[in-house]
Structure formats: structure tokens, C-alpha cells
Amino acid sequence: MSTSGRGHAALLAGWVDDAAVFPPGSSPLPQAWRDHRALRAGRYAGLLGPLLIGTSMAPGLVELLTGADGPAVAEEPTALAVVARPGTRVEELLEAVDLLRGCPALRLVGVELAEPAPADLDRVLDLAHRLGAGTAVELSRDAPASAFEALAERAVRGGRADEAGSPDHPPVLAKLRTQATAGSPPPTPGELARFLVRAYRAGLPVKLTGGLHRAVRHGTGDDAEHGCLNVLVAAGELGRGADQDLDALVRILELRTPEPLVGALRDWTPQEGTVARTLFRSFGCCGVLDPIGDLADLGLLTAPGLP
């Protein structure tokens, strides 16, 4: 792979989903919309994934964009994904999707939901497939291999895809929450490594959410947070057969210095980079310039530093 910043920017295209409206950032929706549109027009637009909103925010966003005093609509619709957080009824998600898909300023590219009942998941998968949108299904950190296999099987049911993770069809992703919650600290490196291995073996791409504000692992004790670059390099190692060596993945996830991680990326062939991103598709972050700033400062983008 090219060692230039431009080469790595291409590898990281669409990697960071904009979760500004979610905690801890909790940006008001109008501000989040304005900021996202500004980022889309800025230097690092290519690294951005969709703007993420919760199901209950759908009416407010549509009103913002279609009201008489709403902002001017961009020539290109803005990519958006709608998130049903744990405890949200599937009907609320379906209603939000129906409302958002009718707004010309938006292009719905994804839906996300947490550990749904099988029948509810089938309803969402069928709708997302018809709309050409991806579906990220949140699983617990200790979900067994059978849960990944069942999700992969549902991804191909009814002609939704030829195989799980097929590039010719809207993706179905296994999603993991990687930040601390009220009841538990962030997943350990071992828990995250097992999640990645189980998704890889099932043929499922992965989306992570929360806690990935830095490129490299940081913090102390149980509250230490993962680095997005650590996870990407671990995903690349899975493509080299590391699903048989959990300890090797844990060591990568535990690294706290950037040099070996940056070196790994610079040694990848284009094919190895594609394998890594095929598995680690994206991550949601409420402050997208935090990880992007780290990546720029490490020389992995077009130039160090932010504008």
C-alpha cells in the first residue's frame, strides 16, 4: 500500500460515523446537522460515514429540513442512518425509516437495532434490503458464536444476499458497544478480540460504537478505552489467519504506542487493507474530529494537523 497520506485516506474512506447527537456529546439536532454539513464540505469529508440519529429524532429532522425556515437543501442528499437504541420498539424504527425515506434532503443508508427478536429482525432486514440500506445489529460482548452464525444466516435468507457481507448487497453487520455503560466498563481486549473473531468466522462485517475517540488505546484500569487504529490492525491480522491466535489479537488491542500500528498499515498491500476494512466497516463517534485529528497527526492522512 502507498505510504502517502493520500493512500491511507483512501483506506479509511467512510470509516467514522457522525454520532454527535448521542452521549456524551449530545449535540442538539440542528447544531449536529449544521456541523455535519460543514464537515461534508471540509478537508476530511472522505473519512466521514453517515450522520446518525435516534428514532425519536426523525420527526424533528424532517421538520428542520422541510420547514419554511429550514436550511437550504444541498444538491446531494446527505447520508443518514437511524439508530434504535436498546429498549426501542421495532415499530418505532420502522416508522422513523418510513418518515426519513420521504425527505429529499436525505439518503437513508443504514438502520441499527439492538438484539431484536428474530421476527422483528426479519422485518427490518427485509425493509432495509428493499431500500438498499445496511443493517447493524447490536450484540452483547459475550454473544456466543451461534448468535453470529444466526445473524449471518438471516442476512442471506429470502435472497437478501448471496453470502453474509457480500459487497453486492446492503451489508448486515454485527455491532458492538465499545464504551463504558452504566452497568459495565468498556469491553476488555480479550472480549473485543473474541467478538472480532466470531464475526470474522461468520462472514459478518463489524461496526463499533462509543469510546473510540483516540487512534491508540489509552486510559487506566478497567476504564481504559480502545483505539480505532488498534482495532483496524487487529482486523487486518484476522485476514492473515489470526483467528486461530486470540492472544496475538489481544496484544495488538493492548498496544499503547502508535509506531507498531502505523508501521503495520504502511506494510499492508492494497488487498490486506481491503480485508481489514471489509471486516471493520465503521465506528460511531460523537466527536469525529477526535480520532481524525489523531490519524492526521500520525501522518496517515493528507497532512498532519487539522485545518
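Colleague: How many bridges join strand 3 to strand 4, and in which sense do the two strands run?

Modeller: In this predicted model, six bridges join strand 3 to strand 4, and the strands run parallel. Two strands pair if there are at least two bridges between them, so six bridges meet the condition. One of the partners is Arg107 in strand 4, which is bridged to Ala79.

Colleague: What makes strand 2 and strand 3 a pair?

Modeller: Strand 2 (residues 48–54) and strand 3 share four bridges, in the parallel sense. At least two are needed, so these strands pair as well. Here Leu52 has Ala81 of strand 3 as its bridge partner.

Colleague: Why is strand 3 called largely enclosed?

Modeller: Strand 3 covers residues 78–83, and six of its six residues are buried, so the rest of the structure largely encloses it. Buried means under 20% relative accessible area. Thr78, Leu80 and Val82 are buried on one side of the strand, and Ala79, Ala81 and Val83 are buried on the other, which leaves both faces covered.

Colleague: Which elements make a β-α-β unit, and what is its handedness?

Modeller: The unit consists of strand 3, helix 4 and strand 4, and it is right-handed. That name applies because, with the strands pointing away from the viewer, the path from the first strand over the helix to the second runs clockwise.

Colleague: How do you know that the buried residues of helix 4 line one face?

Modeller: The buried residues are Val90, Leu93, Leu94, Ala96, Val97 and Leu100. Viewed down the helix axis, they fall within an arc of 160°, so they line one face of helix 4. Glu95 and Asp98 are exposed on the other side.

Colleague: What do the buried residues of helix 4 pack against?

Modeller: They pack against strand 2, helix 3 (58–66), strand 3, strand 4 and helix 5 (118–131).

Colleague: Where is Pro104, and why does it count as exposed?

Modeller: Pro104 sits in the loop between helix 4 (90–100) and strand 4 (106–114). Its relative accessibility is 63%. Exposed means over 50%, so Pro104 counts as exposed. From Pro104 to Val62 the C-alpha to C-alpha distance is 9.6 Å, while the two residues are 42 apart in sequence.

Colleague: What puts the buried residues of helix 10 on the same side?

Modeller: In helix 10 (residues 259–267), the residues Leu261, Val262, Ala264 and Leu265 are buried. Around the axis they cover an arc of only 155°, which puts them on the same side of helix 10. The face turned away from that buried side carries Glu259 and Asp267, which are exposed.

Colleague: How many aromatic pairs are there, and why is the pair of Phe148 and Phe195 called edge-to-face?

Modeller: There are four aromatic pairs in the whole structure. For Phe148 and Phe195 the ring centres are 4.9 Å apart and the planes stand at 75°. Centres within 6.5 Å make a pair and planes over 60 degrees apart count as edge-to-face, so this pair is edge-to-face. Phe148 belongs to helix 6 (residues 145–156) and Phe195 to helix 7 (residues 189–202), so the pair ties together parts that are 47 residues apart in sequence. Phe148 and Phe195 are both buried.

Colleague: What makes the pair of Phe280 and Phe283 tilted?

Modeller: The centres are 6.1 Å apart, with 35° between the planes. Stacked needs under 30 degrees and edge-to-face over 60, so 35° leaves this pair as tilted. Phe280 and Phe283 are buried. Ring pairs also link them with Trp15 into a cluster.

Technical notes
Residues are numbered from 1 along each chain as its sequence is written. This is a predicted model: local features need pLDDT of at least 70, side-chain atom pairs count only at pLDDT 80 or more; totals for chains, interfaces and linings use all residues. Side-chain values use heavy atoms; hydrogens and water are left out. Rings of Phe, Tyr and Trp (its six-membered ring) pair if their centres lie within 6.5 Å; planes under 30 degrees apart count as stacked, over 60 as edge-to-face and the rest as tilted. Buried means under 20% relative accessible area, exposed over 50%, partly exposed in between (1.4 Å probe, protein chains only). The arc is that of the directions from the helix axis to the C-beta atoms. Contact means heavy atoms within 4.5 Å.
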